[in-house]
Amino acid sequence: MGIIKNYIEKKKKGMEKLHVRKIIAYKVSNIAMSVFRFLLLLGLGYVILYPLLSMLSYAFNGDYLGNATFVWIPSKFSLTNIKVAITYLEYWDSLKNTILLATVSAVLQIFSCSLAGYGFARFNFKGKNLLFLIVLLTIIVPPQTYIISTYLDFRFFNFFGIGKLFGFKVNLINSFWTFWIPSIFSMGLRSGLFIYIFRQFFQGLPRDLEDAAYIDGCGAFKTFLQIMLPNAASACLTVFLFSFVWHWNDYFVSNMMFQIKNEPLSVVMFRQADFSRGKGPVGIDWNMKYMLNAAVLLNILPILVLYVVAQRYFIESIANVGIKG
């Protein structure tokens with residue numbers, strides 16, 4: 001009996017030691033994973049924040065001779081770079097053009113793309129799958145492949161062939177209609193993606209809402225406007241923010257469509273701002289690096305403000321949209 005008792009006690013001690021080792025190994029692995037996640041997030045944060053912090057440092061630096069000891073904190077704080085950039089960018093006029101272009105285009109895309117997405121989600125018609133496949137293809141087709149034909153269509157715009165009957169054409173280049181007309185017909189920037197978002201969202205809504213509207217005497221279009229679209233507020237907010245930011249940042253298409261007037265900030269920043277060393281409107285020497293950073297800061301500042309204001313609503317809308325397969 002004593003031998004058996006000793007064996008049992010040794011077994012218990014061995015199990016206790018093994019249990020302690022497992023607990024220590026578990027805690028060490030948790031600490032290691034926490035350290036790894038911290039270092040990973042720190043590295044990602046550095047990659048994301050470094051350009052912004054560097055931009056702020058150069059934009060507010062007043063040492064135009066280039067102090068070698070200057071790294072992050074400006075050796076001489078100054079708003080001169082911002083003032084020169086505002087003058088050369090014609091900032092307030094360009095800002096007004098950009099806000100008007102991006103806002104109206106985003107609103108038009110919300111209505112047209114939601115209507116198209118609702119049609120794909122709720123109605124069955126011949127060629128539906130083929131048409132939706134074409135919509136998906138528009139997401140991956142780069143604008144460089146059709147920009148020439150698009151430019152010519154707006155340069156000699158004849159109202160979809162109607163003008164040929166009366167022998168007249170209209171030049172829409174340098175007007176906002178080069179963006180607004182495609183947005184009206186769900187062919188604006190990234191419209192294929194927005195149609196897909198709305199289609200997936202409407203497919204997730206219960207059909208009881210539409211059945212109740214039909215019983216009350218609503219037609220398909222009235223049901224869409226009064227029942228389905230108000231329930232798609234989260235999807236509308238998502239599409240609006242995406243569309244607004246993409247129109248704001250677009251340079252390639254805007255550079256083709258705006259050449260004389262109504263130029264947005266993305267075009268003016270590269271076309272009109274002559275960031276070379278010389279005498280500026282304030283009568284001082286300036287450095288190209290500082291001026292360019294100030295101009296970029298002015299360009300992205302409204303988007304940063306929009307992000308700070310709408311961040312919570314944007315995250316909630318993304319969670320509510322919940323793109324489903």
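Buried means under 20% relative accessible area, exposed means over 50%, and partly exposed is anything in between (1.4 Å probe, protein chains only). With that in hand, Trp-92 is exposed at a relative accessible area of 58%. What you have here is a predicted model, where local features need pLDDT of at least 70, side-chain atom pairs count only at pLDDT 80 or more, and totals for chains, interfaces and linings use all residues. Residues are numbered from 1 along each chain as its sequence is written, and side-chain values use heavy atoms, with hydrogens and water left out.

**Overall make-up**

- The protein has 14 helices and 0 strands; helices (H or I, at least four residues) and strands (E, at least two) are DSSP runs, numbered from the N terminus.
- Of the 325 residues in the protein, 36% are buried.
- Take the contacts (heavy atoms within 4.5 Å) with a separation of 6 or more: 70% of them are between residues 24 or more positions apart.
- The accessible surface comes to about 19,900 Å², and 69% of that belongs to carbon and sulfur atoms; areas come from the Shrake-Rupley method with a 1.4 Å probe, and for residues only the protein chains shown count as cover.

**Nonpolar cores**

- A nonpolar core is a set of buried Ala, Val, Leu, Ile, Met, Phe, Trp, Tyr and Cys residues joined through side-chain atoms within 4.5 Å.
- The largest one has 21 residues, and Phe-198, Phe-201, Phe-202, Phe-224, Met-228 and Val-239 touch the most other members.
- At least two residues of this core come from each of α3 (91-122), α4 (128-140), α8 (191-203), α10 (220-231) and α11 (233-249).
- The largest share is that of α8, with 6 residues.
- Another core, of 18 residues, lies apart from this one and includes Ile-82, Tyr-91, Ala-294 and Ile-303.

**Rings and charges**

- Rings of Phe, Tyr and Trp (its six-membered ring) pair if their centres lie within 6.5 Å; planes under 30 degrees apart are stacked, over 60 edge-to-face, and the rest tilted.
- By that rule there are 22 aromatic pairs.
- Tyr-91 and Trp-92 pair edge-to-face, at 5.1 Å centre to centre with 75° between the planes. Tyr-91 is buried at 5% relative accessibility, while Trp-92 is exposed.
- Phe-154 and Phe-157 are stacked, at 6.1 Å centre to centre with 20° between the planes. Phe-154 is buried at 6%, and Phe-157 is buried at 8%.
- Ring pairs also link Phe-111, Tyr-118, Phe-123, Phe-198, Phe-201, Phe-202, Phe-221 and Phe-224 into a cluster.
- A charge sits over a ring if NZ of Lys or CZ of Arg is within 6 Å of the ring centre and within 35 degrees of the ring normal.
- Arg-199 has its charged end over the ring of Phe-132, 4.2 Å from the centre, and Arg-190 does this with Trp-246 at 5.0 Å.

- In α4, the buried residues are Lys-128, Phe-132 and Val-135. They cover an arc of only 50° around the axis, so they sit on the same side of α4; the arc is that of the directions from the helix axis to the C-beta atoms.
- Asn-129, Leu-130 and Ile-140 are exposed on the other side of α4, and the cover over its buried residues includes α3 and α8.
- In α5 (residues 147-155), the buried residues are Ile-147, Thr-150 and Phe-154. Their arc is only 60° around the axis, which puts them on the same side of α5.
- Those buried residues of α5 pack against α7 (177-184) and α12 (252-257).
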